[in-house]
Amino acid sequence: MIITVTMNPAIDKTAEVDELVIGGVNRLKNIRIDEGGKGINVSKTLRVLNKPNMAMGFIGGNLGDTVRTKLQKQMIMADFVAIAGETRCNLKVHSEFGMTEFNEPGPNITPGELQDLFGRITRHAKSGTLFVLSGSAPAGVPDDTYKKMTELLHQCGCKVFLDTSGALLRSGVEAVPDYVKPNLKELMELYGVKTKFETSEEIIEFAKEKAKDLNSKGIKFVAVSLGSDGAVFCDSYDNIHVPAKKIEVKSRVGAGDAMTAAIAYCLDSNMYFRDIVRYAMAVSAAACMTEGSQSPTKETIVQLLRQE
Ligand SMILES: Nc1ncnc2c1ncn2[C@@H]1O[C@H](COP(=O)(O)OP(=O)(O)OP(=O)(O)O)[C@@H](O)[C@H]1O
Ligand SMILES: [Mg+2]
């Protein structure tokens with residue numbers, strides 16, 4: 001069983017304008033409403049991979065209800081804490097300038113609501129369950145929350161996959177999650193590296209070195225996603241770089257979440273290292289081939305897996 005935790009879900013409203021008028025009225029067209037937030041994206045990709053899973057986290061208000069209904073329609077189980085605040089809406093407007101995003105900060109979480117989430121997680125923390133802790137945290141959630149969740153889940157015999165950034169990642173890594181998937185920026189932040197890399201070779205060398213370091217600290221599987229430079233995968237036996245697939249990219253949004261889902265799926269199914277790598281690359285590439293933050297399609301994933 002895989003359970004995803006999204007502390008800061010969102011409704012993503014994607015729309016287009018012919019011409020973006022700054023300081024004036026913009027008429028939106030082709031409006032799409034998708035449930036989003038990193039763990040929820042992981043849940044949706046797991047569903048595409050035919051993996052039953054459950055989504056947890058915080059939701060509130062009318063938009064929270066929309067998230068719940070949309071997950072239900074996709075047959076994704078859910079156990080969210082109903083909070084007093086409102087789930088945020090992120091508006092993404094496609095125009096002649098590319099994508100302009102207006103992101104809300106999200107609600108405030110009270111100590112009682114956070115405690116409620118920990119209680120629910122404990123109830124679902126059956127030995128052997130894989131928890132994917134994903135994304136940022138809303139206001140009111142302390143930076144060491146993923147660290148505490150990881151410690152709790154390990155006590156219950158669960159596995160933890162951490163995919164987050166900044167202080168949440170730094171603190172979370174101290175509890176030695178089983179699996180992590182930072183992107184290049186997140187890895188640089190984690191190690192306090194500010195220098196700009198000149199070449200892809202330098203980036204790959206840095207990613208391999210730090211992936212090995214994280215693995216030697218006890219993290220069993222480390223993936224570092226490098227966007228169009230591909231990804232590095234490291235466990236106790238292997239530490240390899242794989243170039244990105246040559247594809248027609250529609251949107252990179254959510255490619256990392258799709259990769260996290262693919263790796264979680266494979267690890268939960270006890271697959272071999274080389275197959276984890278194949279799935280991670282195919283599913284993340286397939287995510288790049290869909291519009292906006294939409295999940296990859298099964299057809300594209302199968303096609304990309306067959307190409308090798
Ligand atoms: N231009 C591209 N061409 C082919 N594959 C790509 C491209 N961009 C991303 N990918 C694939 O998607 C993976 C994840 O991308 P990226 O490193 O951008 O993740 P991320 O920054 O974590 O994204 P997210 O916004 O979902 O958190 C890459 O390792 C690669 O396999
Ligand atoms: Mg990411």
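Tutor: The questions below concern this model, which is predicted.

Student: Which strands stand at the edges of the open sheet?

Tutor: Nine strands form the open sheet, with mixed pairing, in the order E5-E4-E1-E8-E9-E10-E11-E12-E13. A strand at the edge has a single partner strand, so one side of it is left without a neighbour in the sheet. The edge strands are therefore E5 (77-82) and E13 (239-242).

Student: Which residue of E10 stands opposite Leu-162?

Tutor: Strand E9 (residues 159-163) and strand E10 (residues 179-180) run parallel and are joined by two bridges. The residue of E10 that stands opposite Leu-162 is Val-180.

Student: What angle does the direction of helix H1 make with that of E1?

Tutor: Helix H1 (residues 38-48) packs on the sheet, where it touches strand E1 (2-6), strand E4 (53-59), strand E8 (130-134) and E9. Between the direction of H1 and that of E1 the angle is about 150 degrees.

Student: Which elements give two or more residues to the shell around ligand 1?

Tutor: Ligand 1 is surrounded by 22 residues, the closest being Asn-183, Ser-225, Ala-255, Gly-256 and Ser-284. The shell divides into eleven nonpolar, eight polar and three charged residues. Two or more residues come from each of helix H8 (255-268) and helix H9 (273-288).

Student: How many of the 14 residues of H8 are buried?

Tutor: H8 reaches 20 Å from its first C-alpha to its last, close to the 20 Å expected at 1.5 Å a residue. Its buried residues include Ala-255 and Gly-256, and these two are also among the closest to ligand 1. Just after H8, Asn-270 takes a positive phi of about 55 degrees. H8 is mostly covered, and the number of its residues that are buried is twelve.

Student: Is Lys-92 buried or exposed?

Tutor: Lys-92 has its place in strand E6 (residues 88-95). A residue counts as buried if 20 or more other C-beta atoms lie within 10 Å of its own. Lys-92 has 21 other C-beta atoms within 10 Å, and is therefore buried.

Student: With which residues is Lys-92 in contact, leaving aside its neighbours within four places in sequence?

Tutor: Lys-92 lies 8.2 Å from Asn-103, C-alpha to C-alpha, and the two are eleven residues apart in sequence. Beyond the neighbours within four places, the contacts of Lys-92 are Asp-12, Thr-14, Met-99, Glu-101 and Gly-292.

Key
Residues numbered from 1 in each chain as written. Chains lettered and ligands numbered in written order. Predicted model: local features only at pLDDT ≥ 70, side-chain atom pairs only at ≥ 80, totals over all residues. Near = placed C-beta within 6 Å. Helix = DSSP H or I, 4+ residues; strand = E, 2+ residues; numbered from the N terminus. Nonpolar A, V, L, I, M, F, W, Y, C, P; charged D, E, K, R; others polar. Pairing = 2+ DSSP bridges. Contact = placed C-beta atoms within 7 Å. Axes fitted to C-alpha atoms, helices over the stretch in contact; angles between N-to-C directions. Expected span 1.5 Å × (residues − 1).
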